[in-house]
Amino acid sequence: MWRVLLISFLVVVVGQHLITFLYIMGYHKYVYKHRPGNCRKLAGIDNGMQDIEVFLDGFALVASVKPKCSWSTRTCFKDSIEIFELHQDASKLQLKFLRQMQDIQMRRMSDVQAVGPRQFYITNEGYHKDFPMHQIEHYMMFPWGGVVYCDGDVCRQVSNPLYEPSGIQLSPVWTNVKMFIYISTLYGMGLQIYSRDASDNLLSAQSAQAINLGSLVDKVSVDGRGNLWAASHPVAHKLKSHLEDRRNKAPSQILHVKFDHNTASPHKKYEVFEMYSDDGTELSASSVVVFRQSKLLIGSRRGHMLLCEVQAGR
């Protein structure tokens, strides 16, 4: 009797896990094309990018990737943070290298958010660095990633365990009395919103709010109004095929999360709009997006960038 109950329990647990993972992989999805306005390809980057930072004067720094870099060769590298000083004159921009920082807590880094000269948050998408163990961690859906805060040479995890967190952003200081931190979760298919304790830089799990976007959210950015823009992958199994061979197309999707800033708790009331969608023909595997002055700058995992005009009312 107990053996039958145990076997039945295991069958239910394994079956539920498989159904959940198959749902995440998106075999049931079909992606239609949708544009916010005219879009055009930008020359100069064709090997993919992981992040974009736009300054107030309109300059954009793009973190590009090496053309032959792959997940299977990642254990040829050590995760580290490199700090640069930006110099700007009338004719050009220059980056001056200052220092490199490494710590045992920097395991499988995906994104970084600076809050001081040597103070920053990072997202670790998982725990294991070696590829086979990472695959087990990934397919078993273990929540072994998280957010780490570093102050000088000291790093510590400051969030609850998360399943493959990817991007990280701070809320603009002028939108709220409290400071909020936004975490995108790739295979978690959404966003986590935390309030930040300024005294110890911990992220309050009790105040955490999850927003399910139904798509693999890669990187997230915050616009001048305190709203979010998310670059996502609506069909996960096509993203995997694209990362193995860039000739395989992967759909792209840009989502805009608008909060109600007229309320005391703006994140409790929000609307989600799809601003860009493509089946992979124009842009494969959208990885990062920024919005500024009615324009969207969209980057891809292993391809080029797009600049799209956002029509009024969108």
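**Note on the strands, disulfides and cores of a predicted model**

1. K295 stands opposite E309 in β20. Strand β19 (residues 295–300) and β20 pair in the antiparallel sense over four bridges, where two strands pair if DSSP finds at least two bridges between them. Four residues lie between β19 and β20, which form a hairpin. Helices (H or I, at least four residues) and strands (E, at least two) are DSSP runs, numbered from the N terminus.

2. This is a predicted model, in which local features need pLDDT of at least 70 and side-chain atom pairs count only at pLDDT 80 or more, while totals for chains, interfaces and linings use all residues. Residues are numbered from 1 along each chain as its sequence is written, and side-chain values use heavy atoms, with hydrogens and water left out.

3. Strand β20 also pairs with β1: four bridges join the two, which run antiparallel. Within this pairing, R40 stands opposite L307 in β20. Strand β20 is mostly covered, as four of its five residues are buried. Buried means under 20% relative accessible area, exposed over 50%, and partly exposed in between (1.4 Å probe, protein chains only).

4. How many disulfides does the count come to? The count comes to two disulfides, a disulfide being a pair of cysteine sulfur atoms within 2.5 Å. With bonded cysteines counted along the chain, the pattern is 1-4, 2-3. A disulfide is a covalent bond between the sulfur atoms of two cysteines.

5. Because C39 lies in strand β1 (residues 39–42) and C308 in strand β20 (residues 305–309), the pair ties together parts that are 269 residues apart in sequence. The torsion about the S-S bond of C39 and C308 is about 115°, so this disulfide is right-handed. C308 counts as buried because its relative accessibility is 0%.

6. Another disulfide joins C150 to C155 (S to S 2.1 Å). Its S-S torsion is about 115°, so the disulfide is right-handed. C150 is buried, with a relative accessible area of 0%, and C155 is buried at 12%.

7. An open sheet of four strands has the order β6-β7-β8-β9, with antiparallel pairing. The edge strands, β6 and β9 (154–157), each pair on one side only. From one strand to the next, the twist averages 25°. Strands β7 (residues 119–124) and β8 (residues 146–151) run antiparallel and are joined by six bridges; N124 stands opposite G146 in β8.

8. Is R108 buried or exposed? R108 is buried, because its relative accessible area is 2%. R108 is found in the loop between β5 (93–101) and β6 (109–114). The side chain of R108 reaches the backbone oxygen of H128 at 3.4 Å and makes a polar contact with the side chain of H134 (3.4 Å). A polar contact is a pair of N or O atoms within 3.5 Å; within protein, one must be able to donate a hydrogen and the other to accept it, and residues adjacent in sequence count only if both atoms are side-chain atoms.

9. The largest nonpolar core has 14 residues, of which Y182, L191, I211, L213, L228, V257 and F259 touch the most other members. Such a core is a set of buried Ala, Val, Leu, Ile, Met, Phe, Trp, Tyr and Cys residues joined through side-chain atoms within 4.5 Å. Among the elements that give two or more residues to this core are β11 (180–185) and β16 (252–259). Apart from it lies another core, of 13 residues, among them M25, M141, L186 and Y187.

Key
Axes fitted to C-alpha atoms, helices over the stretch in contact; angles between N-to-C directions.
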